[in-house]
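Me: I'm new to this one and would like to find my way around. Could you show me the structure and take some questions?

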Amino acid sequence: MASHIAGYPRMGPKRELKFALESFWDGKSSAEDLEKVATDLRSSIWKQMSEAGIKYIPSNTFSYYDQVLDTTAMLGAVPERYSWTGGEIGLSTYFSMARGNASVPAMEMTKWFDTNYHFIVPELGPSTKFTYASHKAVSEYKEAKALGIDTVPVLVGPVSYLLLSKPAKGVEKSFSLLSLLGSILPIYKEVVAELKAAGASWIQFDEPTLVKDLAAHELAAFSSAYAELESAFAGLNVLIETYFADIPAESYKTLTSLSGVTAYGFDLIRGAKTLDLIRSSFPSGKYLFAGVVDGRNIWADDLAASLSTLQSLEAVAGKDKLVVSTSCSLMHTAVDLVNETKLDDEIKSWLAFAAQKVVEVNALAKALAGQKDEAYFAANAAAQASRRSSPRVTNEEVQKAAAALKGSDHRRATTVSARLDAQQKKLNLPVLPTTTIGSFPQTVELRRVRREYKAKKISEEEYISAIKEEISKVVKIQEELDIDVLVHGEPERNDMVEYFGEQLSGFAFTANGWVQSYGSRCVKPPIIYGDVSRPNPMTVFWSKTAQSMTARPMKGMLTGPVTILNWSFVRNDQPRFETCYQIALAIKKEVEDLEAAGIQVIQIDEAALREGLPLRKSEHAFYLDWAVHSFRITNCGVQDTTQIHTHMCYSNFNDIIHSIIDMDADVITIENSRSDEKLLSVFREGVKYGAGIGPGVYDIHSPRIPSTEEIADRVNKMLAVLDTNILWVNPDCGLKTRKYTEVKPALTNMVSATKLIRTQLASAK
């Protein structure tokens, strides 16, 4: 009976690691205190899997920050700016790389494939010195062994590590990162030798880049790397784990012929086509780790369906070589359903978090071995049936409305330049209009008001009056700063997705369904379980209230359908785009109600549009088509004089700029300050953009206050490639996480810089 878990959440069922890390960073607790929390978490996870009957239990999937950073530490690839002097890497160097310190900035962070997890990007070059500098993999293996649990140590594979790296500052962009393979393999050999000496019989290498579109020389790097490691693997079983997508046929061929490798792991949830490759040719005598339990969602597995998939694979790999596994690490799902006391029983019966998925994997392995737990399977089948037939899931009216969208592409009737003229006549804005992105600082006091209202400790009247007071304060500040287009500051909102999800039907919320985003930061995605509709207006009352406090235009503030989708756990019983269209129709009603209430500028944030981009290029066009279409649905019905803004984060946009233009928003604001040059280069290369655009002029993720000169210099750089009449001036993101002592001076300097340039432009005329 063989069962395997590819990885497990690190934060703990009640975010124990988050609180321990933050306490340590704040200097409130010692390294020993932090290590104790970590040791307790690791041992409870290992014991839980062992007691559930899992045979291949992972170790070294725990991390204080990120598994790629752990690999950087293992290889001693510390960038020079951290002044590391050698020896075993300690917490202070490790956390400096992750978070920066008083004198040097952090390493760059970027998304882990198409998940909402972020990793720390290695910075490498021809002069990087590699040395074995963190023995974490070995010490965690020994730690589990001391508890009587034999684990499978997990390492980020050498080729994926290099493919996920970037050339360090000052290194040619064209530098071949794969040329460093010969320098890192000796360290991998040392690690493998130590693990073997400690008693390990299996080692797992995660090589998820195999699912991407790889060039021939990249595939060749896998072959040469594992050929080089083959001698080190003698006497060991080696598993190569892939996940997150179908594996391309060429890569499958390369993978299944690697030297010294005994087992291959595949994601059979997001990689259903991989099944065809496995069925048509699987190397004999090798182990197949079949990832049939979804590691990226919260739905209970359809055990009967998984069992029949597994039975069909037994014929291919052989009974003793088939291992039941998760589609990927369980770190992308919530931790334990046991802690959800407020979810109603029906919805709860449809769900499985990480702890429950461990049990599912084991139940499938037992069933394959002829020890099927009939009661467990019957309860699962009943829950699947109840989900299929529940009236809470299906809303005929919504289904009809979404189906009716198919025929049109929902564009506004006139061109963006005609609309901008009509809007300018009505709004009468100065050249280079200033605005902010939406949220203002969320003070301790404000959070307390929301918490007490939720706990029914204060009345609705008291709550409304406190929020109104806060909005009035934010409006006054903006008027004093002389900002042109105002925001209400979003004091009533906890989170840009949760706030809307709580007012839409088809959504459920957890109390402890936290998932790690990066470092100690966790998010709690809503669960979309049914057809989505909007029973009542969601933001109109607050926007109207805010507009009544000022003569300047007040932006309505909405989260777009694609972002709501990409930041939720989405139902898996219909295609994602159908759910997205339903959300778009709900937001469309809200947009039209805001317009009717006299709101002339409406911002529909699509922060996460880029995040949903599939890993394989062949699937990009389809995704971008429905994602952009969903955005257009929300605002295709408004008048020309209503100005539609959108905001996007994470500007790796060069490859999707045409889709962004196709969204046909009147004004787009973009998080740009961290990758200034990247974004502007698109326009330098001659992309014609006629709508309004506001590339962020300063980075709100840092407490630094930029000077007037610095902002003016940025704006001038933008004016070199963008027309004066389309440029907006704004920070790069919402201000929710900053303090007023940072926000006021930064915005003062932003407005001063804008006025300075307006004067220069006027005198140049």
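Me: What handedness does the β-α-β unit made by E10, helix H11 and E11 have?
Reply: This is a predicted model, where local features need pLDDT of at least 70, side-chain atom pairs count only at pLDDT 80 or more, and totals for chains, interfaces and linings use all residues. Residues are numbered from 1 along each chain as its sequence is written, and side-chain values use heavy atoms, with hydrogens and water left out. A crossover is called right-handed if, with the strands pointing away from the viewer, the path from the first strand over the helix to the second runs clockwise. The unit of E10, helix H11 (residues 303-317) and E11 is right-handed.

Me: How many bridges join E10 to strand E11?
Reply: Helices (H or I, at least four residues) and strands (E, at least two) are DSSP runs numbered from the N terminus, and two strands pair if DSSP finds at least two bridges between them. E10 and E11 (residues 322-326) run parallel, with leucine 288 standing opposite leucine 322 in E11. The number of bridges joining them is 5.

Me: Which residue in E10 is the bridge partner of glycine 265?
Reply: Strand E9 (residues 263-267) runs parallel to E10, joined by 5 bridges. The chain gets from E9 to E10 through helix H10 (residues 274-280), in a right-handed β-α-β crossover. Glycine 265 has as its partner in E10 phenylalanine 289.

Me: Why is strand E10 largely enclosed by the rest of the structure?
Reply: Buried means under 20% relative accessible area, exposed over 50%, and partly exposed in between (1.4 Å probe, protein chains only). Strand E10 covers residues 287-293. It's largely enclosed because its buried residues number 7 of the 7.

Me: Is isoleucine 437 buried or exposed?
Reply: UniProt, in an unreviewed entry, lists Ile437 under "binding site", along with Gly438, Ser439, Glu490 and Asp605. They spread over 169 residues of sequence but cluster in space, with a largest C-alpha distance of 13.4 Å. Isoleucine 437 sits in the loop between helix H16 (416-427) and helix H17 (444-454). At 3% relative accessibility, it counts as buried.

Me: Which residues is glutamate 490 in contact with, leaving aside its neighbours within four places in sequence?
Reply: Glutamate 490 is in the loop between helix H18 (460-481) and helix H19 (498-501), and its 12% relative accessibility means that it counts as buried. Contact means heavy atoms within 4.5 Å. With those sequence neighbours left aside, glutamate 490 is in contact with Gly438, Ser439, Gln442 and Met557.

How values were computed. UniProt positions are given in the numbering used here, feature names are shortened, and annotations may be inferred rather than shown by experiment.
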